[in-house]
Each structure stands twice: as C-alpha cells, then as structure tokens.
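Hi,

Here's the structure I promised to pass on.

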Amino acid sequence: MKKLILATALVAISFGASAQRYFSKTAHIKFFSHTSAEDIKADNYKSTIIIDQATGAVQVETLIKSFEFEKALMQEHFNENYLESDKYPKANFKGKGDFSKVNFSADGNYSVNVAGQMTMHGATKDVSAIATIKIAGGKIDGSTKFYVNPRDYNVQIPDVVKGQISEKIEVTVKATLQPLK
Amino acid sequence: MNQRIISKGLISLALLLFFQAIAFAQPSDSTQVTVGDTDLLSLLGGEEEQTYTSATFKTTRIINMHSVENAAAGVMDFRISHRFGFINTGAYDLFGLDQALMRFGLEYGITDRLMVGMGRSNVNKAYDSFLKYKIIRQGSGKRNVPLSVSYFASAVCNTVKWADPDRDNYFSSRMQYTHQLLIARKFNNDLSLQLTPTLVHKNLVPTLQDKNDILAMGFGGRYKLTQRFSVNGEYIYVLPNQISSTYYNSLSLGVDIETGGHVFQLHLTNSTSMLEPGFITESVGQWKNGGIHFGFNVSRVFTVKDKRANPED
C-alpha cells in the first residue's frame with residue numbers, strides 16, 4: 001500500500017511539475033497611438049504567449065499581418081509601408097520574469113517584472129514591463145502594458161504624417177493562460 | 001499476500017513512470033526544445049497561419065486596366081478618372097488641357113474577395129457596372145500560392161443618341177461586355193506583374209472589319225521607387241484581324257503617388273476611353289505622333305462598414 005501511495009504521490013508531483021508552463025494562442029495585443037491630429041489603434045487576437053514558471057522564461061510571438069485596423073487602407077499601409085510585413089512577418093519578445101512566488105492553482109493577484117528583448121521590423125530592443133497575473137476560479141489572466149517608439153525599430157515615418165503618429169505608442173497585451181500538458 | 005500487493009504496486013509504479021517518461025519524451029521528439037530560453041514556443045507546435053500577399057498594386061487599377069486589388073470588405077471607393085485631350089492638338093487647345101474626358105464611379109467591397117462598382121463616363125455617355133472576384137490569392141503559410149487570379153466582368157451601356165434614328169434601333173445594340181482573368185504576382189516588395197487575357201463582346205459593331213468578339217492580352221506592371229511612389233505601365237495587345245485598322249493597341253505609362261487616404265495616378269496614354277471596350281479595342285491615338293492623353297485617376301476610400309471579426313470599442 002505504501003508503495004501505491006508513493007507512486008500516486010510521485011505521479012501527482014510530476015504532473016504538477018509538467019504543468020509549470022502556461023500558454024495562450026489567442027493573446028490579444030492592442031496598440032494605441034494618440035496624437036492631437038489622430039488616434040490610431042489596432043488589435044491582434046492571434047498572438048502566442050508562453051511562460052515557464054520554473055525558468056522564468058517568457059516568449060511572445062505575433063504575425064504583423066494579424067493586426068486589424070478599422071480602416072483597411074490604414075492596415076495596408078501599416079503592413080506595406082511602415083512595418084514591411086512581407087520582409088519582417090513576425091514580431092516577438094523573449095525575456096524573463098520571476099514567477100516563483102505565483103501560485104497558479106489558487107486565487108490571487110500578482111505583479112511580476114518582465115524584462116527582455118523585443119524584435120520587430122528587423123530591430124531588437126530591450127523592453128521591460130510589469131505584468132499582472134490574476135487567478136480566479138481556475139482562470140489565469142495575464143496582462144501588461146508598455147510603450148514603444150516606432151523610431152527605435154527603424155520604422156520610417158514620412159514628415160507629412162509625423163504629427164499623426166505618436167512617438168510613444170501604448171501596447172497592451174492580454175491573455176488567458178492555460179497549463180501546457 | 002503482502003508480497004503480491006508490493007509487487008503489484010511496484011509494477012504499477014514502473015508502468016506509470018514508463019508512461020510518464022513517454023509523455024515527457026514526446027515534446028522533445030519535436031524540434032529543438034531547449035527548456036528555458038530559446039524555443040519554448042515550439043512546444044506549442046502551432047500550425048502556421050495562412051497569410052495573403054497585400055498591395056500587389058497600390059489601387060484597383062494599374063492605369064486603365066483593372067488590377068488584382070479589390071476594395072476591402074466594407075470600403076467604398078470614390079474614384080475619378082480624367083483624361084485631357086490629345087497632346088498633339090497643339091497650343092491652341094493648350095496641348096489638350098482644354099478638353100476633359102472623365103469617368104466617376106462608386107465602387108464597393110462586399111467581401112474581401114468580391115467587389116462591385118458602377119460609373120458614368122462622358123466618353124460615349126456610357127454607364128458601366130462591373131464585378132471583380134478574387135479566385136486565388138497569392139500567399140504563404142500553410143500553403144504556398146505563387147500568384148493571384150481574379151475574374152473581372154463588366155457591362156457598358158452607351159447612351160449617345162442614335163446616329164440614324166430612322167432605322168430600327170435596339171437597346172441591346174448599346175451594350176458591350178468584357179470578361180477578363182487577372183493573373184498577377186508580386187515578385188517582391190517593389191515589382192508586381194500582371195497578365196490579363198481578355199474577351200470583349202460588342203453587340204453592334206460599325207464595320208465588317210470589326211468583330212463582335214475580340215480577344216486581347218493585357219500586360220501590366222509596377223515598380224516601386226519608394227514606399228509611396230511607383231512607376232506603372234500597361235500594354236494591351238489585340239490579336240490580329242479583329243478590329244479596324246484605324247485603332248491601335250493601348251499603351252500607357254504612369255506613376256502612382258500615395259498620400260494617406262488618397263492614391264493619385266498620373267499617366268500618359270493613347271486611349272481616350274476609360275472603360276474596357278473603349279480602351280482595349282477603340283484607341284485612336286498613336287504615341288509616335290503625339291496622339292496621347294495626359295490623365296489622372298484619383299481614389300478616395302471611405303470605411304462604410306466595419307467588417308472586422310472583433311471590432312474593439
């Protein structure tokens with residue numbers, strides 16, 4: 001009997017260990033550029049995010065073409081002229097955060113510092129942000145917000161529209177994570 | 001008894017561990033799992049999303065010819081095409097600038113693949129309507145599709161007064177139809193080319209030399225010099241012995257200039273009409289003696305209906 005209990009315990013522990021990674025394939029990334037001339041926003045509901053609690057690794061990846069704008073022409077220009085998505089189809093983030101204190105199996109709220117490198121339009125920059133993890137009734141919601149200057153990623157903005165595109169674009173990421181089995 | 005329980009326990013433990021080992025081994029069968037940094041994402045092993053090539057051309061026309069581009073779903077395109085008179089009319093007509101030939105049209109994207117449009121042109125007082133459907137879209141991801149193919153069909157109704165009101169005139173004689181396959185490829189960010197097999201049908205033709213069904217092949221392309229400026233060209237070859245010898249093949253050269261919600265196309269063309277039956281089969285101008293028009297197309301788009309799957313607030 002003892003052995004059976006031991007076996008069960010081992011299995012339980014190892015299952016617990018295998019659920020140390022959490023992911024979403026439908027993360028929502030939103031960006032918002034505010035200027036006095038124009039507000040521009042776009043949404044992408046097809047981003048992938050994965051975190052590994054044990055190592056603290058965080059990875060996010062998204063297709064530039066999956067950003068949806070209200071104006072189709074704006075979306076075309078975003079892809080064709082600004083982010084050049086034929087040449088640079090994806091943007092990604094690779095970084096680390098300390099998730100050791102997060103108990104994913106009980107309700108609670110946590111703030112985690114996440115820092116790493118974001119690659120977009122062929123340029124890589126350091127990015128850091130505070131991520132919020134909210135666990136309620138078994139649902140794990142992660143979110144974060146940070147700011148991006150398009151100039152840091154060599155995005156060419158012609159003088160005529162300079163007043164319409166912010167140098168401080170707000171990026172919001174929201175995801176409902178599930179354990180990776 | 002006791003021993004059997006223990007041995008059973010051991011066996012089940014061994015089995016469980018074995019299955020778990022398999023379960024753990026599985027992800028590492030898939031490519032490059034380096035737990036920790038580099039490729040956590042590969043654990044998800046997601047299938048690749050199909051992406052479609054966008055902006056093969058800047059707008060729905062190359063110059064006179066339709067391109068494989070459509071108005072996006074829910075977008076209304078108000079379009080004015082304008083041709084001045086022939087440049088060889090000389091200084092008296094200020095090299096054609098005294099004359100104005102134009103078409104204005106409203107064109108709308110019903111879905112991302114289907115667009116319709118209608119317009120009025122003062123050349124032959126013609127009303128036109130068309131539809132254009134994207135059959136194949138160039139793209140990559142799950143499948144690699146090397147080119148885009150669209151079907152274009154239009155009907156044109158000329159409403160000039162009958163030349164001879166005394167004879168029997170039928171309304172059907174006013175109608176002309178065009179069918180085209182638009183086959184295009186965006187080779188890279190700058191270069192796009194299009195091949196356009198064409199059939200024009202005219203219910204009534206003026207002479208025996210003119211055929212009712214006319215086959216032609218259109219060639220078009222654009223080369224981007226900057227992100228917002230491109231040079232465009234098109235040539236339409238009409239297969240021999242179908243039209244009167246007073247007509248020439250259409251040749252047009254121009255540039256596209258893009259500014260925000262507008263696209264301006266400036267060009268030189270030997271075609272007077274801005275509608276397919278006209279510019280494909282009835283171009284009277286000749287480049288070599290200055291029988292060319294200076295002209296422009298202006299497009300302004302309006303988002304009429306937000307067709308996004310998840311419109312955020």
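Let's start with one pair in chain A: Lys134(A) stands opposite Asp141(A), which sits in strand E8(A). Keep in mind that this is a predicted model, so treat everything below as a description of a prediction.

That pair belongs to a bigger pattern. Strand E7 (residues 123–136) and strand E8 (residues 139–148) of chain A run antiparallel and are joined by six bridges. What do E7(A) and E8(A) form together? They make a hairpin, with two residues between them. Look at the turn while you're there: Gly137(A) has a positive phi of about 55°.

Now for the inside. The largest nonpolar core has 30 residues, and Ile49(A), Ile51(A) and Val112(A) are the ones with the most contacts within it. Several elements of chain A give two or more residues to this core, including strand E1 (21–34), strand E2 (39–52), helix H2 (72–82), E7 and E9. As a general point, nonpolar side chains tend to be buried together in soluble globular proteins.

Which residues does Ile49(A) touch, leaving out those up to four places away in sequence? They are Phe23(A), Ser24(A), Ala27(A), Val60(A) and Ala175(A). There is also a second, separate core of 12 residues, and among its members are Ala126(B), Val200(B), Ile243(B) and Met274(B).

That brings us to chain B. Its secondary structure comes to two helices and 14 strands. How many of the strands close into a barrel? The count is 12, with antiparallel pairing, in the order E2-E3-E4-E5-E7-E8-E9-E10-E11-E12-E13-E14. From one strand to the next, the twist averages 20°.

To see where the two ends of that list meet, find strand E2 (residues 75–86) and strand E14 (residues 293–303) of chain B, which pair in the antiparallel sense over 10 bridges. One place to look is Ile80(B), whose bridge partner in E14(B) is Val298(B).

Definitions and conventions: Residues numbered from 1 in each chain as written. Chains lettered and ligands numbered in written order. Predicted model: local features only at pLDDT ≥ 70, side-chain atom pairs only at ≥ 80, totals over all residues. Helix = DSSP H or I, 4+ residues; strand = E, 2+ residues; numbered from the N terminus. Pairing = 2+ DSSP bridges. Axes fitted to C-alpha atoms, helices over the stretch in contact; angles between N-to-C directions. Core = buried A, V, L, I, M, F, W, Y, C linked by C-beta atoms within 7 Å. Buried ≥ 20, exposed ≤ 12 C-beta atoms within 10 Å, placed from the backbone. Contact = placed C-beta atoms within 7 Å.
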